[in-house]
Amino acid sequence: MLTSARNTLYGTITSITPGAVHSEVTLGVGTGAIVATITNESVTRLEMKVGDPAYALIKSSSLILAKTKPQRISARNVLHVNVNEVIKGAVNAEVKLSLGDATMNAIITNDSCDELMLKKGDEAYAIIKASSVIIGMV
Amino acid sequence: MISAGNQLDVLISEVLYGPVSVLLILQTKQGVRMVASVSKSSATAMRLREGERVIAVFQASHVLVATGWAMGISARNKLSGRVHRITMGVVNAEIDLLLEGMERIVAVITNEAVAELRLKDGDEIVAIIKASDVMIAK
């Protein structure tokens, strides 16, 4: 499926924890994992089960970047990434990242980009809330 | 009336126009700086201008909670406060936060995050919100 989301990470569903309204779904991606909270309805509708191949879709505006690893933050996903390119716009900057073999994109403000002094070759951490992750079935 | 859980009274102190987005520099009643990134078409349609009082609106699910460390992160909005009440669900927990100046906001984070951060009533925290997750209402 083609979507406008700039981040698509392929993996395998490793766990599904059902809640009252939402389920927590963990997707094994490479050597890491992506956690998503999605509605129970979606889990049922997509007939998700552990072991299924799936992908995580994340809009680039849902990524927060940090230069050092945040230790005490509620976000479930803190991904160690490399900065491949920084493209400054008038207000926002697009930061192209790589996570293992996958590429990722983040949109942050120019101000943040300057403050973090982000540049090509830097190591960084992409922070993503589980509720910002959409799961698609292959 | 809208469903978004968080609404803070703010003053627009600066409007920075880009070709597509507009960055609004806001000030809460307590003088805390906030930033909202909205589309240029919205800013134009709403005739947003400096010196105007508006409401910064953001969903509870877009709020990250950090204890202690919150520097060196690209998110523009960092609001300090205390945990007022934690309501645990099966997967997610609702955290009522009391900001400096007694304004209340709500964060929805996973139960896992509550356990990992060892969050409890009265804890000092920082609520983190990306500028692009902040809407403006008036």
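Analyst: This is a predicted model. The area buried between chain B and chain A is about 2800 Å². Carbon and sulfur atoms give 54% of that area.

User: What makes a residue part of the contact, and how many residues does each chain give?

Analyst: Contact requires heavy atoms within 4.5 Å. By that rule, chain B gives 37 residues and chain A gives 37 residues.

User: Why is the pair R76(B) and E115(A) called a salt bridge?

Analyst: The cut-off is 4 Å, from a side-chain nitrogen of Lys or Arg to a carboxyl oxygen of Asp or Glu. The N to O distance between the side chains of R76(B) and E115(A) is 3.1 Å, so the pair is a salt bridge. Across the interface of chain B and chain A, the rule finds three salt bridges. It also finds 20 residue pairs in polar contact there, both residues at pLDDT 80 or more.

User: Which elements of chain B give two or more residues to the side that touches chain A?

Analyst: They are β1 (6–17), β2 (21–28), β5 (64–66), β8 (104–110) and α2 (111–116). By class, that side of chain B has 20 nonpolar, eleven polar and six charged residues.

User: What makes a set of residues a nonpolar core, and which residues have the most contacts inside the largest one?

Analyst: Members are buried nonpolar residues joined through side-chain atoms within 4.5 Å. The largest core has 35 residues. Those with the most contacts inside it are L24(B), L26(B), L79(B), I95(B), L97(B) and L119(B). A second, separate core has 33 residues, including M48(A) and L79(A).

Terms used
Residues numbered from 1 in each chain as written. Chains lettered and ligands numbered in written order. Predicted model: local features only at pLDDT ≥ 70, side-chain atom pairs only at ≥ 80, totals over all residues. Heavy atoms only, no water. Buried < 20%, exposed > 50% of the residue type's maximum accessible area, 1.4 Å probe, protein only. Buried area = accessible area lost by both parts, 1.4 Å probe. Polar contact = N/O pair within 3.5 Å; in protein donor to acceptor, adjacent residues only side chain to side chain. Helix = DSSP H or I, 4+ residues; strand = E, 2+ residues; numbered from the N terminus. Nonpolar A, V, L, I, M, F, W, Y, C, P; charged D, E, K, R; others polar.
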